Amino acid sequence: PTEVHVALNDGRRLEAVVDMPLGSKKAPFSWAQYWAKFDACCDGFLSERETRELRQALERMPDLSSIGDLMRHVVVPFAQVA
C-alpha cells in the first residue's frame, strides 16, 4: 500500500491511501507505461539517442552475451552527471 500525507501552507492536511498502486503486482503497468516511465527517468540525463540505444539494449537483455553490452549505455552519461 502507498500512503501520502500533504500539509498545505494554509493549514489543511490532505491524505490518500491506495492499497495497490499502479505499478504494483496487483495493478501492473502496461509495457507502454513502463517505457513512458523509463523515458521520463532518462530525460535530462541521457540524450534521445542514448535513451533509444539503452532501451534497445534492455529489450534485448535476455539475448545479450555480456552485461557490458547493456552497461556501456549508462556508465559514461551517468558518471558525467555526478
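V75 sits in helix α4, which covers residues 75-81; helices here are DSSP runs of H or I with at least four residues, strands are E runs of at least two, and both are numbered from the N terminus. This is a predicted model, where local features need pLDDT of at least 70, side-chain atom pairs count only at pLDDT 80 or more, and totals for chains, interfaces and linings use all residues. Residues are numbered from 1 along each chain as its sequence is written, and side-chain values use heavy atoms, leaving out hydrogens and water.

With a relative accessible area of 46%, V75 comes out as partly exposed, because that label falls between buried (under 20%) and exposed (over 50%), using a 1.4 Å probe and protein chains only.

Now for the inside. The largest nonpolar core has nine residues: W35, F38, C42, L46, L54, A57, L64, L70 and V74. Such a core is a set of buried Ala, Val, Leu, Ile, Met, Phe, Trp, Tyr and Cys residues joined through side-chain atoms within 4.5 Å. Helices α1 (31-42) and α2 (48-59) each supply at least two residues of this core, and α1 gives the most, with three. Setting aside residues up to four places away in sequence, L54 touches F38, C42, L46, L70, H73 and V74, a contact being heavy atoms within 4.5 Å.

Over in strand β1 (residues 2-7) lies E3, which counts as exposed at 53% relative accessibility. Beyond its neighbours within four places in sequence, E3 is in contact with A16 and V17. E3 and V17 are 14 residues apart along the chain, yet their C-alpha atoms are separated by 4.4 Å.
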